[in-house]
Amino acid sequence: MAKEKMSQTQTSTKYAEPPIKINRALYGVLLASLASVFWGSMGVCVQYIFENTKTEPQALSSLRLLLSGIVLVILNLSRRPLLAAFSSLKGSLGIALSGIELLCAHLTFFIAIYYSNAGTAAIFIATTPLLAGIYLFLRGKKRFTAKEGLSLLRCSFNRFKRRLFCLPV
């Protein structure tokens, strides 16, 4: 038997075709562009909601994660068994930790918008991959590459330089 059967937690490399007749590369660029437009407008919309309603960051963050989770479950119902990822303790723990990280990242994003503005919050949310990398480094799972280490040093130096010379942050 040349081809082995894939386990339930593995995904195949076959991707869905674009809904319209279009070049796959162009389709990918369009989806990435659309995602960046949604991401960029989210902070401004959240700031507008906070300024014009009595909504709290915790409620909005919970609602956002709940609705996105429902959408993801609906999209995955037809593709593979939904609970297959929870078949092992390692998989369940990884999903739980990812969920906690998402909750913390989005909650702090919304709290930063609530108490300051969308621009400041964007800086905080941009540190999420850095914090995940530091966590993996401290756990001994991954070492920083030279580029990543240099980027971290440059970012830190720029931050301290601004404070040292009293430049706006």
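How do the residues of the lining of the largest pocket divide into nonpolar, polar and charged? They come to 10 nonpolar, 5 polar and 4 charged, where Ala, Val, Leu, Ile, Met, Phe, Trp, Tyr, Cys and Pro count as nonpolar, Asp, Glu, Lys and Arg as charged, and the others, Gly among them, as polar.

## Basis of the model

This is a predicted model, in which local features need pLDDT of at least 70 and side-chain atom pairs count only at pLDDT 80 or more, while totals for chains, interfaces and linings use all residues. Residues are numbered from 1 along each chain as its sequence is written, and side-chain values use heavy atoms, with hydrogens and water left out.

## Overall architecture

The secondary structure of the protein chain consists of 6 helices and 0 strands, so that helices (H or I, at least four residues) and strands (E, at least two), taken as DSSP runs and numbered from the N terminus, give the order α-α-α-α-α-α. Of the 169 residues in the protein chain, 12% are buried, a term that means under 20% relative accessible area, with exposed set at over 50% and partly exposed in between (1.4 Å probe, protein chains only). Among the contacts (heavy atoms within 4.5 Å) with a separation of 6 or more, 50% are between residues 24 or more positions apart.

## The largest pocket

The largest pocket has a volume of about 630 Å³. Of the 19 residues that line this pocket, the closest to its centre are Leu97, Ser98, Glu101, Ala132 and Tyr135. The elements that give two or more residues to the lining are helix 3, helix 4 (118–126) and helix 5 (128–138), and helix 3 gives the most, with 9 residues.

A pocket is here an open set of points on a 1 Å grid over the protein atoms alone, where a 1.4 Å probe fits and protein lies on both sides within 12 Å along at least five of seven lines; lining residues have an atom within 4 Å of a point. Grid points are joined across faces, edges and corners, and the volume is the space filled by probe spheres set on the points.

## Helix 2

The 20 residues of helix 2 (residues 57–76) should span 28 Å at 1.5 Å a residue, and the end C-alpha atoms of this helix are 28 Å apart, which agrees; the expected span is 1.5 Å times one less than the number of residues. In helix 2, Pro57, Leu60 and Ser61 are buried. These three cover an arc of only 100° around the axis, which puts them on the same side of helix 2, the arc being that of the directions from the helix axis to the C-beta atoms.

The buried residues of helix 2 pack against helix 1 (24–52) and helix 3 (89–115), whereas the face turned away from the buried side carries the exposed residues Leu66 and Ile74.

Ala118, Ala121 and Ile125 are the buried residues of helix 4. They cover an arc of only 60° around the axis, which puts them on the same side of helix 4. An α-helix has 3.6 residues a turn, so residues three or four places apart point the same way. On the other side of helix 4, Ile123 and Ala126 are exposed, while the buried residues pack against helix 1, helix 3 and helix 5.

Gly43 lies in helix 1 and is buried, with a relative accessible area of 5%. Not counting residues up to four places away in sequence, Gly43 touches Phe109, Ile113 and Ala118. The C-alpha atoms of Gly43 and Ala121, which are 78 residues apart along the chain, are separated by 7.8 Å. Gly119, in helix 4, counts as partly exposed at 45% relative accessibility, and its C-alpha atom is separated by 7.8 Å from that of Gly43, 76 residues apart along the chain.

Lys142 is placed in the loop between helix 5 and helix 6 (146–164). Lys142 is partly exposed, with a relative accessible area of 35%, and touches Leu136, Phe137 and Glu148, not counting residues up to four places away in sequence.
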